[in-house]
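Reader: Could you walk me through this model, one feature after another? I would like to learn how to read each one.

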Amino acid sequence: GGRAQVAAGALSLPGLAAFLRRGRLLLSVDSGPAHLAALQGLAVLSLYSATNRASQWAPQGERVTLLRAPTPPCSPCELAFCPFNNACMRAISPQAALAALKTAWKRTYV
């Protein structure tokens, strides 16, 4: 019954916080909006790279799910630009992301 909305690049920080308060589930890469949503108690599915240690930098909260590819040997690289064409993010298949999103959606609406 819910509708997906895309607000990428369209909101100020206060506007983003207000927008997230209206939602139930955020699908995001590891980014500021994912952290802000988790802080507000929103369910979050975060597609997380192997750039940083998830235990240190991932969004935190009971309703946060991280989707990561198997950790490559270069992780954590902590590089701003990946010399491997973002292989750790490309290893997360659309099918895996969709399956995780469906699972998170079911948990949100139960």
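Author: Happy to. Let us begin with burial: a residue is buried under 20% relative accessible area, exposed over 50%, and partly exposed in between, using a 1.4 Å probe and protein chains only. Asn85, at 49% relative accessibility, therefore counts as partly exposed. Before we go on, a word on the model: it is predicted, so local features need pLDDT of at least 70 and side-chain atom pairs count only at pLDDT 80 or more, while totals for chains, interfaces and linings use all residues. Residues are numbered from 1 along each chain as its sequence is written, and side-chain values use heavy atoms, with hydrogens and water left out.

Reader: Where is Asn85 found, and what is its phi near?

Author: Here is the general idea: most residues other than glycine have a negative phi, and most peptide bonds are trans. Asn85 has a positive phi, near 60°, and is found in the loop between β3 and α4 (87-90). Those names come from DSSP runs numbered from the N terminus: helices are H or I with at least four residues, strands are E with at least two. Glu78 is in the loop between β3 and α4 too, with a positive phi of about 60° although it is not a glycine. Glu78 is partly exposed, with a relative accessible area of 49%.

Reader: Which peptide bond is cis?

Author: The one from Ser75 to Pro76, with omega near -10°. Pro76 also has its place in the loop between β3 and α4.

Reader: How do I read strand pairing?

Author: Two strands pair if DSSP finds at least two bridges between them. Here β1 (residues 25-29) and β2 (43-47) run parallel and are joined by five bridges. Leu27 has Leu45 of β2 as its bridge partner. Between these strands the chain passes through α2, and this β-α-β crossover is right-handed, a term that applies if, with the strands pointing away from the viewer, the path from the first strand over the helix to the second runs clockwise. On to β3 (64-67): β2 pairs with β3 over four bridges, again in the parallel sense, and Val44 has Val64 as its bridge partner in β3.

Reader: Is β2 covered on one face or both faces?

Author: Both: Ala43, Leu45 and Leu47 are buried on one side, Val44 and Ser46 on the other.

Reader: What makes up the largest nonpolar core?

Author: A nonpolar core is a set of buried Ala, Val, Leu, Ile, Met, Phe, Trp, Tyr and Cys residues joined through side-chain atoms within 4.5 Å. The largest one has 11 residues, including Leu16, Leu20, Leu26, Leu42 and Val64. Both α1 (13-21) and α2 (32-39) supply at least two of its residues, and α2 gives the largest share, four. Apart from this core lies another, of seven residues, among them Leu45, Leu67, Ala97 and Ala100.

Reader: What do the buried residues of α2 pack against?

Author: They pack against α1, β1, β2 and β3; the buried ones are Ala34, Leu36, Ala37 and Ala38. After α2 comes Gly41, with a positive phi near 85°.

Reader: What does Ser28 touch?

Author: Contact means heavy atoms within 4.5 Å. Not counting residues up to four places away in sequence, Ser28 touches Ala34, Leu45, Ser46 and Leu47. Ser28 lies in β1 and, at 10% relative accessibility, counts as buried. Its side chain also makes a polar contact with the side chain of Ser31 (3.0 Å). That term needs a pair of N or O atoms within 3.5 Å; within protein, one must be able to donate a hydrogen and the other to accept it, and residues adjacent in sequence count only if both atoms are side-chain atoms.
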